[in-house]
Amino acid sequence: MPRRIIIDTDPGQDDAVAILTALASPEFDVLGITPVAGNVPLDKTVLNARKICEVAGRPDVTIAPGCPRPMVRDLVTAEYVHGKTGLDGYDLPDPTMPVSDRHAVDFIIEAALSSGHKGLTLCTLAPLTNIAMAMVKAPQIVPCIREIVMMGGGHFEGGNVTGTAEFNIYVDPHAAHVVIGSGLPIVMAPLDVTHKATIKRGWLDRVGAVGTPACLATEGWLSFYERYDIERYGDTGGPLHDPCVIAYLLEPELFKAKRVHVAVEIASELTMGATAMDWWRMSGKAPNVSVLHDIDRDGFFDLLLERIARL
Ligand code: BDR
Ligand code: CA
């Protein structure tokens, strides 16, 4: 039976590739997409999610808009990475598919409760506001969640917003604190693994050569997206952060993981949003997260291309 998933997201070009990969994969039953404020404000992440579903030929997917700001702090966005629209690099027509009138938080709660014990997997590609709010509003959903696979955090790689914090955790550290403290099984794809998932030029050419709308959009988006990372990190290509979440669920053997204790910094402004990982098990605290730290890069890119080409 396909795995029931919700994709919580702030598209974003790398979110877009993750969503396309998921929509192309019969291993998943995508119950819905829940945009949140993150890379760009909420109205744009909702619009982008609709464009992505339409280019995938899936206007039937439920898109339930979520929270327009983090739980406690002010919203921080990342147009400097993703462009003014959040999805610069390939123009698509204005979408016509509907937006659900249910709020993401209620959609997540209803989907969890109707999925039964350990029936729902949450794939989170963005600040964790919607997920934390759902857990705060309806703690009874926790036993219904099989696992949360999230892009976020960093240990040996440090941060990509501040010296110590990764964007998704930094934007809403209080939400991350709630989610990581929930006791649920969590798999985390931090910068330590996503900075190894860097785009090779030849791969983008192969994607474009497929010639379908989804592949042409992917080529355009990622050609734009990777300019920022190449300037910052050098000529290794842009890291495809969010697709690691979907690829892990499809082919976990592409990744190496270590179980460690993770906590989120929510007190110090200096290190706000840092993920404190007890990598060498010094604290005596029980591991609460499986942290992905290595990837079969070629296998990962082959998988993404093979899936997106199906659309
Ligand atoms: C994360 O931040 C966003 O800009 C990306 O979409 C990804 O989810 C990487 O730090
Ligand atoms: Ca994202």
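Biologist: How many residues of the shell around ligand 1 are nonpolar, polar and charged?

Modeller: This is a predicted model, in which local features need pLDDT of at least 70 and side-chain atom pairs count only at pLDDT 80 or more, while totals for chains, interfaces and linings use all residues. Residues are numbered from 1 along each chain as its sequence is written, chains are lettered from A and ligands numbered from 1 in the order in which they are written, and side-chain values use heavy atoms, without hydrogens and water. Ala, Val, Leu, Ile, Met, Phe, Trp, Tyr, Cys and Pro count as nonpolar, Asp, Glu, Lys and Arg as charged, and the others, Gly among them, as polar. The shell divides into three nonpolar, five polar and four charged residues.

Biologist: Which elements give two or more residues to the shell around ligand 1?

Modeller: The residues around ligand 1 (a heavy atom within 4 Å) include Asp14, Asp15, Phe167 and Asn168. The elements, being DSSP runs (helices of at least four residues), are helix H1 (13-23) and helix H6 (167-171).

Biologist: How far apart in sequence are the parts that aspartate 10 and leucine 125 tie together?

Modeller: Protein donors of the calcium ion (ligand 2) (N, O or S atoms within 3.2 Å for Ca) come from Asp10, Asp15, Leu125 and Asp242, at 2.3 to 2.6 Å. Aspartate 10 lies in the loop between strand E1 (3-9) and H1 and leucine 125 in the loop between strand E3 (120-124) and helix H5 (129-137), so the separation is 115 residues.

Biologist: What is omega of the cis peptide bond between proline 11 and glycine 12?

Modeller: Most peptide bonds are trans. Glycine 12 is in the loop between E1 and H1, and its cis bond with proline 11 has an omega of about -5°.

Definitions and conventions: Donors are N, O and S atoms within 2.8 Å of the metal (3.2 Å for Na, K and Ca); water is not among the atoms, so sites may look incomplete.
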